[in-house]
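Here is a short tour of one protein model. Keep the sequence and the 3D view side by side as you read.

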Amino acid sequence: MRIESLVSVVVAVSKKDDNIYGCVECIMEQSYQNLEIILVYDATCERSKRICNNLSIMDMRIKIIGILQDKEKSSHEDFRTLAFYEGLLQAKGSYITFVDNRDRIRKDMIRYLLRTCTKYQCQISSLSRKSTNFGKGKIRVYRRNAAFLSRKFTSEFNGKLFDIDLFEDLNLLEKEGGYGDNFILYRLYYRAKKAAIIDKQMYYEVKEKRNFFIDKQIQLNNGIQLFKDRINFFKDKERTLLYLSHEYYCMFLAAYYLYIARNKKEKDMEKVLASFKKEYDRVRSNIITPINRKIFLSLLYYLPGLCAGIARILAIDYSLLKKCVSRI
């Protein structure tokens, strides 16, 4: 008799928990049944506690964990990262996936992701977030470096299944104030020998207007530190992945310059432009950077005033910045 792997599903239950019943119902109705469902709620919110207790009565697979959150300093994203980490510490599954309480998943998502991992011997299986494919879905399998260079994998936990051993000795809260998914995902992919991406729509995110840089109060220095940490991580490991990290950092600085140019923050523009030009000198001869990106970066390098004017006309917003931190 074949023994099915236990899969842990961690759900961060924020105070905006109106959608939690629908979310948990999607998980309970999964075609793959060997699950432990870990609901992590804010212990300072009595309503969240009651909801989670009620849900735990409905299904014996549900386990609830209450955590304390600093009301004054913490944001929704901080709670989400803390909740995922606490759920990870309590998880007993061989594999783990993370779901936000506002989102929905198709009833065969976990079975599909797990089957991909086992069939292709992958440590990570991921859904393509841009896909509108509701059919079978093409599966692409990459070895470690190729996964990075494909630029197809996103730096977020949602819509992915992980071999839980990848998290050994990794602390999601290592950085004070943290970077959440963006800080940890590239480390997990580097540990994985193989990763698969599936061109299939199975994770449905309820869109909210969230500004990555405002909600988390991540200003320029923290954004820069995120990329510098990544560069230092790959410095003595993989040259191609170091090149890629410099490319991402350069793109981030370019996007930040356009963003503050649009908002006419003249004081910050010179500082950001100087940092960008310094990083561009490393990227211009980078053999892995696509030509279209090099053209964009070159235009900003040689014609910053013109690019700033275009940014104001096009009303460049924070979405460009978020895009720059969305890939592993």
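How many of the 11 residues of helix H6 (residues 181-191) are buried? The count is 10, so helix H6 is largely enclosed by the rest of the structure. Keep in mind that this is a predicted model. The buried residues of H6 include Phe-183, Ile-184, Leu-185 and Leu-188. Asp-181 and Arg-187 are also among them.

Now turn to the strands. An open sheet is formed by 8 strands. Their order is E3-E2-E1-E4-E8-E6-E9-E7, and the pairing is mixed. Which strands stand at the edges? They are strand E3 (62-67) and strand E7 (139-143). Each has a single partner strand, so one side of each is left without a neighbour in the sheet. On average, neighbouring strands of this sheet are turned by 20° against each other, with direction ignored.

Strand E2 (residues 35-42) pairs with E3 in the parallel sense, over 6 bridges.

**The cysteines**

How many disulfides does the structure hold? The number is 0. Take Cys-26, which is in no disulfide. The nearest cysteine sulfur belongs to Cys-23, and it is 6.6 Å away. A disulfide needs two cysteine sulfur atoms within 2.5 Å. Cys-122 has a closest cysteine sulfur in Cys-117, but the distance of 6.0 Å is too far for a bond. Cys-26 is buried, and Cys-122 is buried as well.

| Residue | Relative accessible area | State |
|---|---|---|
| Cys-26 | 18% | buried |
| Cys-122 | 3% | buried |
| Ile-310 | 39% | partly exposed |

The last residue in the table leads to the surface. Ile-310 lies in helix H12. Ile-310 also belongs to a nonpolar surface patch of about 960 Å². Which elements give two or more residues to the nonpolar patch? They are helix H11 (291-302) and helix H12 (304-314). The patch is made by Ile-291, Ile-295, Leu-299, Tyr-302, Leu-303, Leu-306, Ile-310, Ile-313 and Leu-314.

Is Ile-310 itself buried, exposed or partly exposed? Ile-310 is partly exposed, with a relative accessible area of 39%. Buried means under 20%, so Ile-310 does not count as buried.

Notes
Residues numbered from 1 in each chain as written. Predicted model: local features only at pLDDT ≥ 70, side-chain atom pairs only at ≥ 80, totals over all residues. Heavy atoms only, no water. Buried < 20%, exposed > 50% of the residue type's maximum accessible area, 1.4 Å probe, protein only. Patch = residues over 30% accessible without salt bridge, like charges linked within 9 Å, V, L, I, M, F, W, Y side chains within 5 Å. Areas by Shrake-Rupley, 256 points an atom, 1.4 Å probe, with all protein chains shown as cover. Salt bridge = Lys/Arg side-chain N within 4 Å of Asp/Glu carboxyl O. Helix = DSSP H or I, 4+ residues; strand = E, 2+ residues; numbered from the N terminus. Pairing = 2+ DSSP bridges. Axes fitted to C-alpha atoms, helices over the stretch in contact; angles between N-to-C directions.
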